[in-house]
Amino acid sequence: MDWVNAVVQGVLLGGFYALLATGLSLMFGVMRLVNLAQGDLTILAAFLSLSLIEATGVGPFVSLAVVVPLMMVGGYALQRGLLNRTLDQGVMPPILVTFGLAVVLQNVLLSLYSADSQGIDAGSAEGASIAITNQLSIGVLPLATLVIAVVIIVGLQAMLGRTQLGRSLRATADDREAALLTGIDHRHVYAVATAIAMGTVAIAGVLLGIRTTFGPFDGPVRLIFAFEAVVIGGLGSLWGTLVGGIILGVSLTIGNQINPAYQVLAGHVVFLIVLAFRPNGLFARKGREA
Amino acid sequence: MSAIAAAASDPAFRVLRGTRQSRIALGGAIALVAILATLPGWGDSGQLKVLVEFFTLLAMAQMWNLLAGYAGLVSIGQQAFIGLGAYGFFVAVDRLGMPIVPAVVVTAVACGGVALVTSLFAFRLRGGYFAIGTWVIAEVFRIVVSNTRELGAGTGVTIQTAVRMVPADRQALTYWLALTVGAGSIVVAAFIMRSRLGLALQAVRDNEVAARSLGVDVYRAKLAIYLVAAVGCAAAGAVIYLQLLRIQPNAAFGVDWTAKMIFIVIIGGLGRIEGPVIGTIVFFTLQESLADYGSLYLIILGLVAITITVVAPQGIWGTVTRYRPMALFGIQRRLVLEPVHPPGDPHGDDG
Amino acid sequence: MTLLELDAISSYYGDLQALFGISLDVVEGETAAIIGSNGAGKSTLLRVVAGLTEARAGDIRFDGASIRRVAPHLRVGMGISLVPEGRRVFPSLTVEENLRIGTYRGRQGPWDLAAVYELFPILRERAGRSGAVLSGGEQQALAIGRALMANPRLLLLDEVSLGLAPVIVKQLYEALPSITAQGATILLVEQSVDQALAAADRVYCLLEGRISLTGLPAELTRAQITTAYFGLD
């Protein structure tokens, strides 16, 4: 029964990783930009929520009402003001700038908050769980996280497939100049994509803060998980990212069953195996290779 | 030779690499290295320490410059080889009883072998994903080492052989090794850039598809650089920890190493040899003057790197040479056409 | 009434000058054609009008107002739509989505999905298919339809006939009168001289970045055109 439990917990964990990875996947899909600051932005969101909670006493889910718009506006400004400038100069500048951004964020958070690990208190929601059988119970929060991840991905797919905004994102990703001729301002469109990505990052960050302790330097680890989920699932596919996240989550929980010390390593190993045999991931879209 | 035949034959040409400037610079550099080599005789221990740090950092920056500037491979996982170099060196001297200098060489070469294996995974990715992939690989090594009791697990190990040496001897040896690694990295980089491999990589950098169609084996060219960079970083790692004596997995495999390499190369200038040299000097100066400011120093460094990438992507050296073209290292190839003498000309060829 | 006016436009392709002081105007409601051999600067001219290429000297006036500083996506909103060389339909979008994205700027007018489907029935048949799997002629129709969805006052057509069989080209050109009938003005660039002369009310010939000939098709002789086209003199 331990193994079944491990798998179930892994699927739930996978929902969280998928949420972490959604922003990364979206930004790459629209503008082929790999945001190396993704993990640190998630931690930033957690800290913003924490500060808001400590200042106003609201609950973490209420804090989302402020943190999400804040991060979205920040994301729009970041893309429009800085990242757009890196997109025409080849592959390297976006990597270097987002890497620099990651370092700056980590140290800004360090100076503002100290190196101590913090946590967001979600009260009774944290420990609550639903008992399925005698040996298997599902945490309310992990379940909610998975549900939120699925809802967000469904929503994003719908937006991409059915709205004019979504069409403009896909068109710009296809052919920026032709999109210009249709009246689409790619600078704006890219910034909207980043804003949406930052919205998901905000949600992921707050949930992260609730489920685990976090410190200023915990970003990179999240970036690596997000990245692995995206690559396993296949670039350019949001559903692939969900599946990739779940595969990753299950790898970790099963790895934990085998040997807790190697839990994280299990995830890396699975990633490397997928990379060796299916380098384009499991659901890669054509033309969106790594 | 008839007039038609003479006109139809190709003009003779030579390919020159050095310039007067570069020859002067080369002479100066050799003199400088000679002087620096004597430092253990008259410098103090503090100076030696700083220079060891300088030369090893310079070597790592040259390696990153080769990777990113020449092979177009942006790696944020070079710390894998620094850590492997450190631990490999420890195993070689403390467990296998090798003398120091051969241990460094063997370790570096062995890490090249490891790089051959990791390339099988890393090279399946491109661009930003390659970058993170190299980081994942470094993390794998970190975790494995952190959980290996024989290597001290999370607490780390001390290089006993080095501790037992006479401090002055150890310092001098470390310094000379650092000087060799630092100067060696420049020599290796120059050698590569002047070779056919360097020419092939420049072609790939300009237009990979065109280069491939001309028969350039892109994969092997990039792999060669990846291996060289691994060997170089491993050698640097061994020397760094010969000085530090104590190896801890989180520090040895920390991404900070790569962050420093990146900042140095961006600030100094990508793709040329002079860039990392200037970058290391600037980085060191910044480090000394901002050392007291802790995280503020890294924030400033990060902001400077971002600004330079956006505003002056060529770095300091690149921007300077845009206005006043210079090359201190004779890398650029120039085509020099020999004059063709018409037949009947007393100075020309007979026949 | 002059809709478009180019006033001594000079433009560059990198460091190379492509257009040397071009002046021309297009009257509202007419179909004007620009002919010329490869490299004459025809596409550059259209790109300058659309805003993709910068005019380093001279001015462009649309409906009397200078648009030289107006960004390309905003020109679409003003009523200038370019159907680019090579079609460039969006492969990730279906035929219908390609048309729908044409309404991005929200300009009102006679052209909507139904009207475009009526003009090019083949598009209705292919509505759900990806833009990438269409034939060359279908893609060209789609590209034109996409531009029409923006209800342009000035429709720019760049080398419609490129790479297409003459039969298909003829069908596409047969659609042009319906477009002008609805009020649009057309400025087209064409390699095929015959097609251009047949479709246009006025013709300009471009030679190495300069206008070498201008006139009404009926009045121009073969000899004049050949000289202006090839620059034999």
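**Close-up views of a predicted model**

View 1. C:R105 belongs to the loop that runs between α3 (95-101) and α4 (113-119) of chain C. Apart from neighbours within four places in sequence, the contacts of C:R105 are A:G183, C:V76, C:G77 and C:A150. A separation of 30 Å lies between the C-alpha atoms of C:R105 and C:G163, which are 58 residues apart along the chain.

**View 2. The packing of helices α6(A) and α11(A).** Helix α6 (residues 140-162) and helix α11 (residues 238-258), both of chain A, have axes that come within 9 Å and cross at roughly 165°. The two helices α6(A) and α11(A) are therefore roughly antiparallel, as angles over 145 degrees are classed in this way. The crossing of α6(A) and α11(A) is right-handed. On the α6(A) side, the residues are A:A149, A:V150, A:I153, A:L156 and A:Q157, and they meet A:L238, A:W239 and A:L242 of α11(A). By class, the contact of α6(A) with α11(A) comprises seven nonpolar residues, one polar residue and no charged residue.

**View 3. The side of chain B that touches chain A.** Contact between the two chains involves 34 residues of chain B and 39 residues of chain A. In chain B, the elements giving two or more residues to this side are α7 (127-146), α14 (256-268) and α16 (295-311). The largest share, eleven residues, is that of α7(B). The side of chain B that touches chain A consists of 25 nonpolar, six polar and three charged residues.

Definitions and conventions: Residues numbered from 1 in each chain as written. Chains lettered and ligands numbered in written order. Predicted model: local features only at pLDDT ≥ 70, side-chain atom pairs only at ≥ 80, totals over all residues. Contact = placed C-beta atoms within 7 Å. Helix = DSSP H or I, 4+ residues; strand = E, 2+ residues; numbered from the N terminus. Nonpolar A, V, L, I, M, F, W, Y, C, P; charged D, E, K, R; others polar. Axes fitted to C-alpha atoms, helices over the stretch in contact; angles between N-to-C directions. Parallel < 35°, antiparallel > 145°, perpendicular 65-115°, else oblique. Left-handed = near helix turned anticlockwise from the far one by under 90°.
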